[in-house]
Amino acid sequence: MCAMSLSLSPWISGPFALSSSSSFVLSDFHFSVSSGARVACRAHYASKDLKFVLHHALDDSGIHTAHAKVARDGFCTEIKKLSDIERETSISINRGVDLGKAALFIAAEDDSLISHSSVPLPVDSFIERLDDLSMDYCSHYSSAFRASPEVFLETLDRYLYVNKGFRRTNAKLSEPRALYLHSVLTHRSGSAALLSLIYSEILKMLRLWGLLDFDVEIFFPHDSHSLPRGYHKQKSKESDQPHIMTSQSLLVEMLKSLKDAFWPFQHDNTKSLFLRAAHAANCIDRSNTTTESGFELASAKAAQHRLERGVWTSVRFGDMRRALSACERLILLETDLTELRDYSILLYHCGFYEESLQYLKLYKDLESSSTKRWLSNSPSNLEEDAVEKLMVRLNLILMEEGWGCSIYRSFLANNSEPW
């Protein structure tokens with residue numbers, strides 16, 4: 001072990017040791033194509049060789065992650081049930097994966113990461129709350145089961161959005177609690193994805209109890225204000241197809257919303273998350289970009305000041321821990337190669353240069369072995385150029401003696417508040 005202390009990044013403060021000698025092994029790369037022009041891209045790699053950083057780094061910083069690890073294991077247990085067919089199954093008829101549990105395990109892990117509580121989030125209690133919603137509907141609207149499908153769904157909408165008071169919230173403009181299922185169940189305000197999940201869980205229970213005898217689909221709104229609503233599938237239109245949420249797409253939507261909300265580089269929303277982080281790392285040729293506004297320059301300076309103070313989270317400048325956890329879970333879902341790239345650049349900003357390079361190499365290897373036309377979100381030339389610059393920089397850093405040592409100063413150990 002190298003006997004030196006390095007100040008590698010403004011994100012870093014407080015000692016910890018991370019031992020990582022993992023190597024990546026590539027396996028088969030699979031694609032599945034379903035109706036409605038939905039393309040599922042899955043990159044498979046040997047999971048035993050895929051080493052994530054977050055929990056180990058926190059442990060070595062003296063922060064206990066036992067509850068976070070249990071929650072991550074619970075999430076992994078659920079997504080292991082995602083067969084190729086199940087990934088493309090509508091949430092209104094999903095039976096293989098307990099989406100409610102998966103969402104609560106996501107919430108439980110992040111709650112443990114930020115609260116450091118000695119008591120884990122009570123996942124089972126919130127599962128009971130979901131079940132109670134279904135029971136309560138039955139007790140108030142028992143006559144609806146003998147009515148037409150349209151009347152039945154109208155009463156379900158009224159029950160959820162009027163009687164119970166659930167409402168849609170744009171998480172980007174409000175508190176991030178709208179992105180966690182336990183908070184939505186408590187405050188009755190949440191994202192479209194989580195409201196769709198609650199709707200589907202009620203339908204699932206009614207179907208299990210034999211009270212639902214027709215096919216229902218859930219219309220997922222892509223605007224910023226509409227509510228998810230059920231409709232009789234026999235009367236669906238072709239235009240409804242893009243609004244059907246599958247088990248996989250719901251999980252991806254939830255995790256990408258978290259990733260977007262907590263991404264540490266929140267300036268310039270016209271750029272992808274990766275490009276924002278690459279811009280902060282000076283991996284973009286600024287001569288090819290438009291002139292930065294005064295607001296962007298001021299925001300960048302404010303962010304830098306917070307980082308130099310060891311502040312890892314703030315109202316408008318993200319949360320590195322929850323951004324990393326969202327990235328790691330998206331990688332586990334195996335739906336988009338660019339998640340490896342995005343995770344890599346976060347590791348770079350944290351000073352984990354060796355691990356950053358490993359993930360970046362994995363991304364490049366899998367990308368070069370894939371068929372470009374099957375990639376749903378092909379990287380832009382600017383993104384690819386930034387990847388190459390980052391790859392060169394990481395190789396140069398690791399060539400310098402001492403930069404590959406396992407002693408770092410970690411921002412993860414600092415629980416400072418911005419105010």
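Is histidine 349 buried or exposed, and at what relative accessibility? In this predicted model, in which residues are numbered from 1 along each chain as its sequence is written, local features need pLDDT of at least 70, side-chain atom pairs count only at pLDDT 80 or more, and totals for chains, interfaces and linings use all residues. Side-chain values use heavy atoms, with hydrogens and water left out. Histidine 349 counts as buried because its relative accessibility is 8%, where buried means under 20% relative accessible area, exposed over 50%, and partly exposed in between (1.4 Å probe, protein chains only). The residue lies in helix H13 (residues 338-350); helices (H or I, at least four residues) and strands (E, at least two) are DSSP runs numbered from the N terminus. The side chain of histidine 349 reaches the backbone oxygen of alanine 277 at 2.9 Å.

The chain as a whole contains 15 helices and 8 strands. Of its 419 residues, 55% count as buried. The chain exposes about 19000 Å², of which carbon and sulfur atoms supply 52%; accessible areas come from the Shrake-Rupley method with a 1.4 Å probe, and for residues only the protein chains shown count as cover. Among contacts (heavy atoms within 4.5 Å) between residues at least 6 apart in sequence, 71% join residues at least 24 apart.

In soluble globular proteins, nonpolar side chains tend to be buried together. The largest nonpolar core has 109 residues, and those with the most contacts inside it are Phe166, Leu181, Ile198, Leu333 and Tyr343. Helix H8 provides the largest share of this core, 10 residues. A nonpolar core is here a set of buried Ala, Val, Leu, Ile, Met, Phe, Trp, Tyr and Cys residues joined through side-chain atoms within 4.5 Å. When residues up to four places away in sequence are not counted, tyrosine 343 touches Phe52, Val53, Leu54, Leu324, Cys327, Glu328, Ile331 and Tyr359.

Leucine 330, in helix H12 (residues 320-333), counts as buried because its relative accessibility is 1%. Apart from neighbours within four places in sequence, leucine 330 is in contact with Val252, Leu255, Lys256, Lys259, Thr335 and Glu339. Leucine 330 and methionine 254 are 76 residues apart in sequence, with a C-alpha to C-alpha distance of 9.9 Å.

Serine 134 belongs to helix H5 (residues 123-140) and counts as buried because its relative accessibility is 0%. Beyond its neighbours within four places in sequence, serine 134 is in contact with Glu201, Ile202, Met205 and Trp209. Tryptophan 209 is placed in the loop between helix H8 (192-208) and strand E6 (216-219), and its relative accessibility of 35% is why it counts as partly exposed. Together with Met135, Leu208 and Leu211, Trp209 makes a nonpolar surface patch of about 390 Å². Patches are made of residues with over 30% relative accessible area and no salt bridge, like charges being joined within 9 Å and nonpolar side chains (Val, Leu, Ile, Met, Phe, Trp, Tyr) within 5 Å.

The structure holds 25 salt bridges, each defined as a side-chain nitrogen of Lys or Arg within 4 Å of a carboxyl oxygen of Asp or Glu. Glutamate 201 forms one with lysine 204, the closest N and O atoms being 3.1 Å apart. Because they are 3 residues apart in helix H8, these two residues are separated by about one helical turn; both lysine 204 and glutamate 201 are buried. A salt bridge also links aspartate 319 to arginine 322, with the closest N and O atoms 3.0 Å apart. Aspartate 319 counts as buried at 0% relative accessibility, and arginine 322 is buried with a relative accessible area of 11%. Arginine 341 and aspartate 342 meet through their side chains in a salt bridge (3.0 Å, N to O), and both residues are buried. Salt bridges that share partners join Lys256, Lys259, Asp336, Glu339, Arg341, Asp342 and Glu383 into one network.

Backbone geometry was also examined. Most residues other than glycine have a negative phi, and most peptide bonds are trans. Arginine 188, although not a glycine, has a positive phi of about 60 degrees. Arginine 188 is found in the loop between helix H7 (181-187) and strand E5 (189-190) and is partly exposed, with a relative accessible area of 30%. Asparagine 282, likewise not a glycine, has a positive phi of about 60 degrees. The loop between helix H10 (273-280) and helix H11 (294-308) holds asparagine 282, which is partly exposed with a relative accessible area of 47%.

Terms used:
A polar contact is a pair of N or O atoms within 3.5 Å; within protein, one must be able to donate a hydrogen and the other to accept it, and residues adjacent in sequence count only if both atoms are side-chain atoms.
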